[in-house]
Amino acid sequence: GINAEYGVLSKYKHLDPIELQNNQDVYEEFLKDNFDIMIRIVPYRPIGLEHFTSSLLAYIAPRLRDKISNEEYQGLAKQFERLFTKKNYEPGTEIDFKWEQGGKFRVYVNGNEMGCIISPLFCWAFFDQFLGEQPKDLNMKRTIGAGFKNFMDIK
């Protein structure tokens, strides 16, 4: 775990859970590659691979547009698509996206590692769609933010 008294999060420890959840600066700390973080997506209905990957990439592309060339983006997008091997994912499938320090982006499906992309910028863009100022899903961002206080209380 992380002891917030000694880390970059210590300046937020005094905030109550609602203040933490609504403080964009806290989310930004998680987007600086200081922590290993993970987001789990569990489909509630069958989802096709192409729809799933293209919907995620649709939010990543604009975040990278001014930061890398189109050619570099296309290469990262292909690497991302290759991390998924099934044509469809059934309800209840656990798909974990993990950003490890050093810019390692790992994908796990039902606990099995599918591969890794080494790109700090791709990591940032992927997680920014959930934690950034303009998230893909505000309710998901709030759910993540609701856990900040518990995260910072871990000793």
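**Close-up 1. Helices H3 and H5 cross with their axes within 9 Å.** In this predicted model, the axes of H3 and H5 cross at roughly 115 degrees, and the crossing is right-handed. On the H3 side, the residues making the contact are Leu56, Leu57, Tyr59, Ile60, Arg63 and Leu64. H5 answers with Leu121, Phe122, Trp124, Ala125, Phe126, Asp128, Gln129 and Phe130. Sort these by class and you get 11 nonpolar, 1 polar and 2 charged residues.

**Close-up 2. Phe126 touches residues well beyond its own stretch of sequence.** Leave out residues up to four places away in sequence, and Phe126 still touches Leu56, Ile60, Phe80, Phe97 and Phe105. Leu56 and Ile60 belong to the H3 side of the helix contact shown above, and Phe126 to the H5 side.

Close-up 3. As general background, nonpolar side chains in soluble globular proteins tend to be buried together.

**Close-up 4. Arg40 and Asp96 meet in a salt bridge.** Their side chains come to 2.6 Å, N to O. Arg40 sits in strand E1 and Asp96 in strand E4, so this pair ties together parts that are 56 residues apart in sequence. The model's salt bridge count comes to 8.

**Close-up 5. Lys98, Glu100, Arg106 and Glu113 form one salt-bridge network.** Glu113 and Arg106 pair through their side chains at 2.7 Å, N to O, and Lys98 pairs with Glu100 at 3.8 Å, N to O. Shared partners are what join the four residues together. What about burial? Glu113 is partly exposed, with a relative accessible area of 43%, and Lys98 also counts as partly exposed, at 24%. Arg106 counts as buried at 18% relative accessibility, and Glu100 is buried too, at 15%; the cut-off for buried is under 20%.

Notes
Residues numbered from 1 in each chain as written. Predicted model: local features only at pLDDT ≥ 70, side-chain atom pairs only at ≥ 80, totals over all residues. Heavy atoms only, no water. Contact = heavy atoms within 4.5 Å. Axes fitted to C-alpha atoms, helices over the stretch in contact; angles between N-to-C directions. Helix = DSSP H or I, 4+ residues; strand = E, 2+ residues; numbered from the N terminus. Left-handed = near helix turned anticlockwise from the far one by under 90°. Nonpolar A, V, L, I, M, F, W, Y, C, P; charged D, E, K, R; others polar. Buried < 20%, exposed > 50% of the residue type's maximum accessible area, 1.4 Å probe, protein only.
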